[in-house]
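Please have a look at it before I start.

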Amino acid sequence: MPRLDDLIEASRAQIREALEQSTAPVLLCSFGKDSMVLLHLLRSMGLDLPIVFHRDPWFPHKYAFADRMIREWNLTVWDWQPVAVSLWHGKGIVAFTNHYQIGTTPDGDPVTCAVPKNIVPPVEGKPYLCGLADLMHRPTGTFQYPWDMAFIGHKSSDQDQIAGRVPLHTDLVRVDHGPTGAFPLRHWTDDDIWDYTERFAVPV
């Protein structure tokens, strides 16, 4: 079989195995190309999982595609405020990082997932945000996370602008007092993602 067929079958097997260990699965989805392939793959298996899609309240036009897919595919999508915001420095870049609660320790401290947002210079005449007033001082709050398995579209071949390569060493990542992370696209490349997108006409 072609490489893509092998990847699809292996990913489906990983998804089925992960679901055997879960009673409340969810999909973390950005509606980018990788997330759309994973969402399509899950739906092709008859799986209609709830979705977590963290969006910022600013510049709503950025979410036009996501909003269209939510309507057209009748998706159930959840979002909530971060519990904290911090700065991440590296490689000449500063990223605002939202920390979303995904669990609670026995001592009552939040277990969080960090979602960085890269900073770009403002363009004259265009709307912009104040890093202190808008981002660092945005509303925050805790959240009762109900899911025990989170499917994520991250691949071992992915590159982060600050962290560099973030390879995956296992299909499932256990999180103390939080959900298990499942990575069905672990062995895929960007070329594989585009091949799947084209073969199955996945919206991007």
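Let me begin with a convention, which is that two strands are said to pair if DSSP finds at least two bridges between them. Keep in mind throughout that what you see is a predicted model. With that convention in hand, E4 and E5 are a pair that run antiparallel, joined by 7 bridges, and one of the residues involved is Leu87, whose bridge partner in E5 is Phe96. These two strands form a hairpin with 2 residues between them, and in the turn Lys91 has a positive phi of about 55°.

How does the radius of gyration of the protein stand against that of a compact globule? For 204 residues such a globule would come out near 17 Å, and the protein has 18 Å, which agrees. Along the principal axes, the C-alpha atoms fill a box of roughly 55 × 45 × 35 Å. Of the 204 residues, 40% are buried, and if we take the contacts with a separation of 6 or more, 67% of them are between residues 24 or more positions apart. The accessible surface comes to about 11400 Å², with 54% of that belonging to carbon and sulfur atoms.

Now to the aromatic side chains, where the count comes to 10 aromatic pairs. Trp80 and Tyr100 form one that is edge-to-face, with 6.3 Å centre to centre and 90° between the planes. This pair links distant parts of the chain, since Trp80 is in the loop between strand E3 and strand E4 while Tyr100 is in strand E5, 20 residues apart. Both Trp80 and Tyr100 are buried.

Trp80 also pairs with Tyr145: the ring centres are 5.9 Å apart and the planes are at 75°, over the 60 degrees required, so this pair too is edge-to-face. Why do we call Trp80 buried? Its relative accessibility is 9%, and the cut-off is under 20%, so Trp80 counts as buried; Tyr145, at 11%, counts as buried because the same cut-off applies. Ring pairs link Trp80, Tyr100, Phe143, Tyr145 and Trp147 into a cluster.

Finally, a charged side chain and a ring: Arg55 lies over the face of Tyr63, at 5.0 Å from the ring centre.

Key
Residues numbered from 1 in each chain as written. Predicted model: local features only at pLDDT ≥ 70, side-chain atom pairs only at ≥ 80, totals over all residues. Heavy atoms only, no water. Phe/Tyr/Trp six-rings, centres within 6.5 Å; stacked < 30°, edge-to-face > 60°. Helix = DSSP H or I, 4+ residues; strand = E, 2+ residues; numbered from the N terminus. Buried < 20%, exposed > 50% of the residue type's maximum accessible area, 1.4 Å probe, protein only. Lys NZ or Arg CZ within 6 Å of the ring centre and 35° of its normal. Rg over C-alpha atoms; globule rule 2.2 N^0.38 Å. Contact = heavy atoms within 4.5 Å. Areas by Shrake-Rupley, 256 points an atom, 1.4 Å probe, with all protein chains shown as cover.
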